[in-house]
Number of protein chains: 2
Amino acid sequence: VGDFVREGVPLYVQIANSIAERIRSGELGTGDQLPSERQLAEELLVSRMTVRQALLALRQQGLVDGQHGRGTFITQPRIEQPVDVLIGFSDNMVKRGIKPSARLLKLESILANREIAAELQLHLGESVYAVHRLRLANDIPAALEYSHFPAHCCPGLDSHDLEGRSVYAILAEEYGIHLTSAYQSLEPVVATAQQAQRLTISKGAPLMLVTRTSYDEQQRVVEFAQDLYRGDYFRFVSGARPSSP
Amino acid sequence: VGDFVREGVPLYVQIANSIAERIRSGELGTGDQLPSERQLAEELLVSRMTVRQALLALRQQGLVDGQHGRGTFITQPRIEQPVDVLIGFSDNMVKRGIKPSARLLKLESILANREIAAELQLHLGESVYAVHRLRLANDIPAALEYSHFPAHCCPGLDSHDLEGRSVYAILAEEYGIHLTSAYQSLEPVVATAQQAQRLTISKGAPLMLVTRTSYDEQQRVVEFAQDLYRGDYFRFVSGARPSSP
């Protein structure tokens, strides 16, 4: 137990940190199973309650997963998604050596309601493409995307391959629309039963709701999107600088 | 019900949007109670299931709150916390006309464990100040901050008023340390029982875990912080630009 005794840091935090360190160093890999609570408690000469707290902390950090009685497993390390850089799901995955794909949940032309009209700076009732997609990372359900595009910007968008191609690539290559900036808002939410089922996670699991409005070179709003990312798969990263000297 | 029928948008989304719009316009204010599910269903000529779905969507957006049988209430609008701008809790609150305060949960000098040493670029066992604070916004518990500062940067930090003053102000005014950049990572998590109790929310409620390393003018790491923000109080915002032309 000597390895774990450090002044002022609770024992369970020290145990969690030590396991986290073994995950970060690669000594423990994705899918590996940790010893049981009982085994860990015996090995480390601590109470099962302490082990349980350590495992909870690791679960909260998204480093391990598992249900009571079924063991604790090392989860896939988180995928970093930049907040301050405008990069689509597909491009970010490819950059990280992960195969992106999409399953179309809904693709239709709708009339803008108040919220969508306001966000896309359209009049109420103007035509909008609603594109709802399940996004997969190496074939694992990773995010739900609910995107809206003004129909006058990209007429016939619904005729393109929205399962096989990045929608940003379609906008650029087919319509000459290049996104030059976006405004993003991030909020932690918990999965509803339906979202959980689609993302193959538990109801109540943490999700990141990313709301985004994207602008083209003429400062037109060309996208309003609400994306739900699995909290156990993604972390959102950004640099920060003081606002003024 | 005519007001609510819009092509292609599920009824419950239209109802949720209409209520959200009345919140945004100020017609419904913080603390106002919505009619009951039954009353709403009768008023809008829709099923109670549809009303329930709409209320769930509003709850997920953090616009309303409430438990079964106790009614649904309009919550305080979210406080925007910038992700790409380095601004402390206190300064951000003051800027928005909200009174910030802090309750010290822990203040001690500890020896850096592996994780803290790695994050602060110190040797294992070097002295570090651990500052754990509950942050309040207009006296309402809003966030938990777990910050660590290398002791050699700010000797005697523990003798300053960490409940009454911004820690960044103390670093600047007492030690001449000016933060010039930071790296932040955002992850959605759910509240443990202890966190929930401290933040006066429900266990399992969504929280934003913000992990930050901050640098001074000499590019020294001067802060490693893990903050937990209430998901119902904050949204995290950022501009985004393409990484390269």
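Chain A is built from seven helices and 10 strands, where helices (H or I, at least four residues) and strands (E, at least two) are DSSP runs numbered from the N terminus. This is a predicted model, in which local features need pLDDT of at least 70, side-chain atom pairs count only at pLDDT 80 or more, and totals for chains, interfaces and linings use all residues. Residues are numbered from 1 along each chain as its sequence is written, chains are lettered from A and ligands numbered from 1 in the order in which they are written, and side-chain values use heavy atoms, with hydrogens and water left out.

Along the principal axes, the C-alpha atoms of chain A fill a box of roughly 65 × 50 × 35 Å. Of its 245 residues, 51% count as buried; buried means under 20% relative accessible area, exposed over 50% and partly exposed in between (1.4 Å probe, protein chains only). Among contacts (heavy atoms within 4.5 Å) in chain A with a separation of 6 or more, 57% join residues 24 or more positions apart.

Let's start with α2(A), residues 37–44, whose buried residues are Glu37(A), Leu40(A), Ala41(A) and Leu44(A). They sit on the same side of the helix because they cover an arc of only 100° around its axis; the arc is that of the directions from the helix axis to the C-beta atoms. An α-helix has 3.6 residues a turn, so residues three or four places apart point the same way. On the face turned away from the buried side of α2(A) are the exposed residues Glu42(A) and Glu43(A). Just after this helix, Leu45(A) has a positive phi of about 55°.

Helix α6(A), residues 167–175, has Val167(A), Tyr168(A), Ile170(A) and Leu171(A) buried. Seen down the axis, the buried residues of α6(A) fall within an arc of 160°, so they line one face. Their packing partners in chain A are the strands β5, β6, β7, β8 and β9. After the helix comes Gly176(A), with a positive phi near 60°.

### Where the chains meet

Chain B and chain A bury about 4800 Å² between them, 50% of it on carbon and sulfur atoms; buried area is the accessible area (1.4 Å probe) that two parts lose on being put together, summed over both. The contact takes 55 residues from chain B and 54 from chain A. Across this interface there are 18 residue pairs in polar contact (both at pLDDT 80 or more). On the chain B side, β7(B) gives the most, with 12 residues.

| Side-chain pair | Type | Distance |
|---|---|---|
| Glu37(B) and Arg52(B) | polar contact | 2.9 Å |

Glu37(B), in helix α2 of chain B, is buried, with a relative accessible area of 16%. Arg241(A), in the segment after β10 of chain A, is exposed at 54%. Leaving aside neighbours within four places in sequence, Arg241(A) is in contact with Asp84(B), Val85(B), Leu86(B), Thr180(B) and Ser181(B).

Note on methods: A polar contact is a pair of N or O atoms within 3.5 Å; within protein, one must be able to donate a hydrogen and the other to accept it, and residues adjacent in sequence count only if both atoms are side-chain atoms.
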